[in-house]
There are 2 protein chains.
Amino acid sequence: METTSLTIPRYRHVYNRLREKIQDGVYQPGDVLPSENVLCERYELTRPTIRQSLSELVKDGLIIKQKGVGSIVQKPKTGIGILNIRSTTSSFPKGTLSTRVIESPTVGEWPSDMAFDIEDDLREAGCVSLSRVRSLHDTAVFYERTYLPNINLPRFTQRKFEDKSLFKTLAKHYDIHVTGGKQKIRAMKADAHTAQMLLLHVGDPILQLEKEYTTNRNKYLFYASLWCNTDNYYLEGAL
Amino acid sequence: METTSLTIPRYRHVYNRLREKIQDGVYQPGDVLPSENVLCERYELTRPTIRQSLSELVKDGLIIKQKGVGSIVQKPKTGIGILNIRSTTSSFPKGTLSTRVIESPTVGEWPSDMAFDIEDDLREAGCVSLSRVRSLHDTAVFYERTYLPNINLPRFTQRKFEDKSLFKTLAKHYDIHVTGGKQKIRAMKADAHTAQMLLLHVGDPILQLEKEYTTNRNKYLFYASLWCNTDNYYLEGAL
DNA sequence: CTAACTTGCCTGTCTATACAAGTGAAATGG
DNA sequence: CCATTTCACTTGTATAGACAGGCAAGTTAG
């Protein structure tokens with residue numbers, strides 16, 4: 001019997017609430033969040049749990065903590081927040097990012113020029129790939145190709161990703177949660193295809209990211225390649 | 001009275017030990033680290049403390065954790081590990097990275113084109129800047145300019161950074177520890193000066209990083225600009 | 001021999017508590 | 001009025017223990 005853990009951890013619940021309040025402007029940049037002890041009372045949790053929520057906000061760069069002072073809300077990012085682990089869509093305020101699906105999910109082979117080594121199990125299972133272009137304020141900012149192992153993903157190729165994020169789809173329908181990963185970054189010249197996708201000229205400098213995501217499912221990794229136009233927007237992230 | 005905290009936290013001590021053992025090959029890639037309970041006994045600490053050490057190793061991408069299995073050692077990075085918070089020198093095995101000082105620490109003004117807003121206090125204090133070129137296997141991989149506020153840094157301009165890292169110098173002589181930060185990344189064409197530093201041609205695609213570091217000292221921030229040649233080495237980091 | 005079950009080990013989550021140490025404002029004393 | 005001390009509040013570090021849930025190997029029943 002598969003016992004999917006549909007209960008989200010409490011620290012994540014608090015993280016979500018606080019993040020909403022920061023992104024909605026309830027807590028303004030420069031403000032100090034309620035102290036850890038106050039949050040303990042408010043959410044009826046103990047301090048280690050609250051601290052775990054706050055440390056996730058630090059990871060995202062939404063707050064910084066100062067000993068003897070508190071948790072200070074940071075100014076929202078002006079660039080593209082895809083350096084950290086959150087899904088792309090959740091890195092932007094609602095409505096600012098638009099997505100165009102170039103290639104719907106298709107079953108096929110793994111690409112030959114993967115930036116990461118993949119295990120034989122995954123290679124044999126084959127690969128589901130899709131590609132999208134994301135735009136910010138009507139300028140194409142990045143072109144993304146995602147590769148997932150074709151294991152236990154019933155009806156995946158028929159799903160739509162227009163409005164939903166891939167991360168949420170994986171979580172909701174397949175109980176797959178991203179737990180971590182690695183990335184590689186380099187600068188390169190745009191080739192013909194990428195230039196077309198990002199509305200640039202061939203040879204323009206673009207930024208390439210290769211990502212490997214680990215999940216709660218043992219040995220289930222998936223991959224994404226991104227090409228970014230950074231003429232107007234930096235990539236941003238916390239250290 | 002200044003009471004400098006010269007005792008390092010225990011979780012950091014364990015982190016350092018484990019990291020040494022991983023980088024020295026005592027624990028090989030694919031190996032499972034001793035379980036948390038075993039580490040508790042070995043270092044005579046409790047599990048939350050051990051877990052904090054391990055979570056730092058996860059941040060660095062040195063291990064990943066798998067529920068029901070353990071902490072699995074990852075393959076060492078083949079690229080440049082400057083996306084995370086560690087100092088540049090500590091991101092490389094000893095002896096692989098060479099540093100050439102282009103401009104020794106000099107007191108002057110802040111640059112006019114800073115990627116981050118700086119507070120008035122810092123601006124008025126003036127700025128100490130230095131620049132270095134770092135090479136990996138005889139190829140120049142990045143050119144780095146560092147900017148520090150000129151506050152309480154006696155004899156700083158006379159110090160040498162040839163062999164020591166800036167992070168260690170700040171920690172040892174001034175008790176300044178880096179606690180976090182932000183970064184911005186973009187792709188651009190090399191200008192004349194950068195091309196000369198990195199032995200490239202003008203117009204070649206290079207990667208630019210702007211970093212803002214926060215420290216344990218209240219309101220003491222410092223900054224670094226990096227230009228990277230990613231022709232041969234990716235930038236790598238954990239998510 | 002194979003499939004189902006049991007068991008032990010492992011990490012993930014959470015509680016309850018304690019003390020150390022940094023910060024800033026209020027109280028105090030000259 | 002100003003400098004110093006005190007104090008309340010904050011986060012940082014650490015202990016001790018509990019229960020859940022994933023994983024793999026060994027055991028047992030068919």
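Which residue in β8(B) stands opposite B:Y143? Select B:Y143 and look across to β8(B): the residue is B:W227.

**Before you start**

This is a predicted model, in which local features need pLDDT of at least 70 and side-chain atom pairs count only at pLDDT 80 or more, while totals for chains, interfaces and linings use all residues. Residues are numbered from 1 along each chain as its sequence is written, chains are lettered from A and ligands numbered from 1 in the order in which they are written, and side-chain values use heavy atoms, with hydrogens and water left out.

**Stop 1: strand β5 of chain B**

Select residues 139-149 of chain B, which form strand β5. Helices (H or I, at least four residues) and strands (E, at least two) are DSSP runs, numbered from the N terminus. Of the 11 residues here, 10 are buried, so the strand is largely enclosed by the rest of the structure. Buried means under 20% relative accessible area, exposed means over 50%, and partly exposed lies in between (1.4 Å probe, protein chains only).

Two strands pair if DSSP finds at least two bridges between them. Strand β4 (residues 127-136) of chain B pairs with β5(B) in the antiparallel sense, over 10 bridges. Look for B:S129 opposite B:Y147. The hairpin of β4(B) and β5(B) has two residues between the strands, and B:H137 takes a positive phi near 50° there. Strand β8 (residues 221-228) of chain B also runs antiparallel to β5(B), joined by six bridges.

Click B:T146, which lies in β5 of chain B. It counts as buried, at 1% relative accessibility. Leaving aside neighbours within four places in sequence, its contacts (heavy atoms within 4.5 Å) include B:S129, B:L166 and B:F222.

**Stop 2: where chain B meets chain A**

Show both chains. The contact takes 35 residues from chain B and 37 residues from chain A. About 3,200 Å² is buried between them, with carbon and sulfur atoms giving 59%. That figure is the accessible area (1.4 Å probe) that two parts lose on being put together, summed over both.

Select β9 (residues 235-238) of chain A and β6(B) together. Four bridges join the two strands, which run antiparallel. A:G237 stands opposite B:Q183.

**Stop 3: salt bridges across the interface**

A salt bridge is a side-chain nitrogen of Lys or Arg within 4 Å of a carboxyl oxygen of Asp or Glu. The interface of chain B and chain A has four.

Go to B:D117 and A:K75, whose closest N and O atoms are 2.7 Å apart. B:D117 lies in the loop between β3 (97-108) and α4 (120-125) of chain B, and A:K75 in the loop between β2 (70-73) and β3 (97-108) of chain A, so the pair joins two chains. B:D117 counts as exposed at 61% relative accessibility. A:K75 counts as exposed at 53%.

Next, select B:E236 and A:K184. Their salt bridge has its closest N and O atoms 3.6 Å apart. B:E236 lies in strand β9 of chain B and A:K184 in strand β6 (residues 178-189) of chain A, so this pair joins two chains. Are these residues buried or exposed? B:E236 is buried, and A:K184 is too.

**Stop 4: a salt bridge inside chain B**

Finish at B:E36 and B:K65, whose side chains meet in a salt bridge (2.7 Å, N to O). B:E36 lies in helix α2 (residues 36-43) and B:K65 in strand β1 (residues 63-66), so the pair ties together parts that are 29 residues apart in sequence. B:E36 counts as buried at 13% relative accessibility, and B:K65 as partly exposed at 34%.
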